[in-house]
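Please look over the sequence and the structure shown here before reading on. The paragraphs below go through selected parts, one after another.

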Amino acid sequence: MKKNTNLRSVAAQSIEKVVEQGQSLSNVLPAAQKSLADKDGALLQELCYGVLRTLPQLEWVIGQLMERPLTGKQRSVHFLIMVGLYQLMFTRIPAHAALAETVEGAIMLKRQQFKGVINGVLRQFQRKQQTLMSEMNEGDQKYLHPGWLLERLKRAWPAQWQQIVEANNQRPPMWLRVNRQHHTRDAWLALLQETGKNAEPHPEHTDALRLDTPCPVSLLPGFEQGWVTVQDASAQGCVDLLAPQNGETILDLCAAPGGKTTHILEAAPQANVMAVDIDTHRLERIVENLKRLRMTAEVKTGDGRYPEQWCGETRFDRILLDAPCSATGVIRRHPDIKWLRRDRDIPELATLQMTILDAIWPHLKVGGTLLYATCSVLPEENHMQIAAFLKRHNDAELNETDHADQPGRQVFPDQTGGDGFYYAKLVKK
């Protein structure tokens, strides 16, 4: 029996763990949901994602309503006030309920003495709401991104940065991948339409469908039987470009949670696939995905910088390297990325990507294909990385993703399209 817990205080503590302690929301949230009744899990998710999506605006509003910020041990109260403001500004929760529940949250945080402060700030906001909401959209806080990231986007994409920021601030669409071993995309879409739901096919990626309205996977025809998988359209583009063939030896490097591993096996069920990731905990997800889809691959723990430790002298026909990156292309799915990443992370990630690329290249057969991919929109991790690689390796040739001044192919996040992604298809001469 789950104890009666104040949901707003759980949300405040979860957000504090992300913003102050640098923990990932995808780790924090499942643990927090366990403390709540099942019906409250979805609201907790809405509050956490919503606050992290709109953090700069909430910070700005608190700055207008409080003379001094709450610091040190009182930070949990600061985040509780944010949860209250988010409800009043962006949800349909009745104001009286949002107020009462948020104020009560102070008790669970052992900050009863702040009930009056929380109540006062939220009521003050209600009185000034119209003025504050209009002024809130005048400064840089309206973009809902940290300053360093805005600057990088403006510098890299002067014509597109606003479009990228706007897409990052939207709720993500739900993309599906139809398992071509069971159905064609059109045949499965017909089964979906029989349930009263609809989806739009992607114009380029052959297995991808975008649901008109997201829904639980249990409502998707044949999900448990492996007929369909939840995967963003841009991520599906990796396997379309890799073009795996039956009988080949294929490496999926940095493979967790296994979406691309299983897509490779749907496209080429007789391929010999090795899936490698450094994170043993996330490797379990690959095993689960393979099990649901009734597929087999060799799953290994390994560091991409030292391939000889886990593949010896093996040479591969194809390698998919979904490199560790800033994840700036998937912010709409993971708004915590904006507050977990730092400007200094970008050069460090670029160095790591370069090291992995150089280490794995000798393990590609002559005539083989390496697809380098990231879910980033930053040039240092993408076209600049590949331009430098091509200079270092004269046996590498760019294929299908050629671009005159910026090698590879950059995709921006799009409300009706896929996430932000980058691909470079390299062939060994």
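Two residues are in contact when heavy atoms of theirs lie within 4.5 Å. The model is a predicted one, in which local features need pLDDT of at least 70 and side-chain atom pairs count only at pLDDT 80 or more, while totals for chains, interfaces and linings use all residues. Residues are numbered from 1 along each chain as its sequence is written, and side-chain values use heavy atoms, with hydrogens and water left out.

Leaving aside its neighbours within four places in sequence, H205 is in contact with R185, A233, G237, D240 and Y423. H205 lies in the loop between β2 (199-201) and β3 (208-211). The names of helices and strands stand for DSSP runs (H or I of at least four residues for helices, E of at least two for strands), numbered from the N terminus. Because its relative accessible area is 6%, H205 is buried; buried means under 20% relative accessible area, exposed over 50%, and partly exposed in between, with a 1.4 Å probe and protein chains only. H205 and A235 are 30 residues apart along the chain, and their C-alpha atoms are separated by 9.7 Å.

Strands of a sheet pair through backbone hydrogen bonds, either parallel or antiparallel. Here two strands are said to pair if DSSP finds at least two bridges between them. β2 and β3 run antiparallel and are joined by 3 bridges, and P201 has L209 as its bridge partner in β3. The open sheet has 4 strands in the order β2-β3-β1-β4, with antiparallel pairing. β2 and β4 (228-230) stand at the edges with a single partner strand each, so one side of each has no neighbour in the sheet. From one strand to the next the twist averages 30°. Helix α12 (residues 259-267) lies across β1 (175-178) and β4, running at about 35° to β1. Such angles run from 0 to 180 degrees between N-to-C directions, and axes are lines fitted to C-alpha atoms, for helices over the stretch in contact.

Y423, one of the contacts of H205, is a residue of β12. How many residues of strand β12 (residues 421-428) are buried? The count is 8 of its 8 residues. On one side of β12 these are F421, Y423, K425 and V427, and on the other Y422, A424, L426 and K428. Strand β9 (residues 364-374) runs antiparallel to β12 and is joined to β12 by 6 bridges. Strand β10 (residues 396-398) pairs with β12 in the antiparallel sense over 3 bridges. L426 of β12 is the bridge partner of L370 and also of L398. Strand β11 (residues 409-411) also has antiparallel pairing with β12, over 3 bridges, and there V411 has F421 as its partner.

V273 is buried because its relative accessible area is 6%. Not counting residues up to four places away in sequence, V273 touches I250, T261, I264, L265, A297 and E298.

The next topic is aromatic rings. Rings of Phe, Tyr and Trp (its six-membered ring) pair if their centres lie within 6.5 Å; planes under 30 degrees apart count as stacked, over 60 as edge-to-face and the rest as tilted. The structure holds 6 aromatic pairs. In one of them, Y86 and F90 are tilted, at 5.4 Å centre to centre and 40° between the planes. Both lie in helix α5 (residues 75-90), 4 residues apart, about one turn of the helix. Y86 counts as buried because its relative accessibility is 3%, whereas F90, at 33%, counts as partly exposed. Y143 and W161 form an edge-to-face pair, with 5.2 Å centre to centre and 70° between the planes.

Helix α5 also packs against helix α6 (residues 95-108), at an angle of about 175° and with the axes 9 Å apart. The two helices are therefore roughly antiparallel; angles under 35 degrees count as roughly parallel, over 145 as roughly antiparallel, 65 to 115 as roughly perpendicular and the rest as oblique. L80, G84, Q87 and L88 of α5 make the contact with A95, A98, T102, G105 and A106 of α6.
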